[in-house]
Amino acid sequence: MKYLSIGFFFLSLNLFSQKISGNYFAVEKKCKMEISINPQKNYELRINNKIRLKGKIKVYKEDTVTYLDYGHISSMYDRDTIYIQN
């Protein structure tokens with residue numbers, strides 16, 4: 001039975017990583033920030049089309065909140081939106 005639960009946990013993590021992958025753009029037009037995340041949780045943060053940060057994103061949950069950690073920047077993730085406060 002342990003084998004099945006470990007397999008299910010791995011599958012759920014894989015599906016979760018696919019949910020956050022994609023390209024994210026700022027809502028406000030004056031903010032020129034963009035974040036790209038691939039299914040392997042690698043990211044690139046661009047400002048004015050120049051890469052400012054890149055690396056491996058850390059994803060963790062506390063209660064029902066999902067957090068993304070980019071090293072120097074942390075954010076909250078909900079459905080299809082990343083929330084970053086400056």
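In the hairpin of β3 and β4, where 2 residues lie between the strands, Asn 48 adopts a positive phi near 55°; strands here, like helices, are DSSP runs numbered from the N terminus (E, at least two residues, for strands; H or I, at least four, for helices). The model is a predicted one, in which local features need pLDDT of at least 70 and side-chain atom pairs count only at pLDDT 80 or more, whereas totals for chains, interfaces and linings use all residues. Residues are numbered from 1 along each chain as its sequence is written, and side-chain values use heavy atoms, with hydrogens and water left out.

The protein chain contains 1 helix and 8 strands, which follow one another from the N terminus in the order α-β-β-β-β-β-β-β-β. Its mean pLDDT, the predictor's confidence in each residue on a scale from 0 to 100, is 79, and 78% of the residues reach 70 or more. Over residues 1-18 the pLDDT is below 50, and this stretch has 5 contacts in the model beyond near neighbours in sequence, a contact being defined by heavy atoms within 4.5 Å. Of the 86 residues in the protein chain, 21% are buried, on a scale where buried means under 20% relative accessible area, exposed over 50%, and partly exposed in between (1.4 Å probe, protein chains only). Among the contacts in the protein chain with a separation of 6 or more, 17% are made by residues 24 or more positions apart.

Strand β3 is in turn joined to β4 by 6 bridges, the two running antiparallel, and Arg 46 stands opposite Ile 51 in β4.

Positive phi values also occur in the loops. Most residues other than glycine have a negative phi. Asn 49, in the loop between β3 and β4 (50-56), has a phi near 65° and, at 69% relative accessibility, counts as exposed. Arg 79, which lies in the loop between β7 and β8, likewise has a positive phi, of about 55°, and is exposed with a relative accessible area of 71%. Ile 57, by contrast in accessibility, is found in the loop between β4 and β5 (58-62) and is buried, with a relative accessible area of 3%. Leaving aside residues up to four places away in sequence, Ile 57 touches Ile 20, Ile 37, Lys 41, Tyr 43, Leu 68, Asp 69 and Tyr 70; its C-alpha atom is separated by 6.4 Å from that of Tyr 43, which is 14 residues away along the chain.

Pockets were identified on a 1 Å grid over the protein atoms alone, as open sets of points where a 1.4 Å probe fits, with protein on both sides within 12 Å along at least five of seven lines, and lining residues have an atom within 4 Å of a point. The largest pocket holds about 490 Å³ of space, the volume being that filled by probe spheres set on grid points joined across faces, edges and corners. It is lined by 14 residues, of which Ala 26, Val 27, Met 33, Ile 82 and Ile 84 are the closest to its centre. Strands β1, β2 and β8 (81-83) each contribute at least two residues to this lining, which comprises 10 nonpolar, 2 polar and 2 charged residues (nonpolar: Ala, Val, Leu, Ile, Met, Phe, Trp, Tyr, Cys and Pro; charged: Asp, Glu, Lys and Arg; polar: the others, Gly among them).

At least two lining residues come from each of α1 (2-20), β6 (65-69) and β7 (74-78), and β7 gives the most, with 3 residues.

How values were computed:
Two strands pair if DSSP finds at least two bridges between them.
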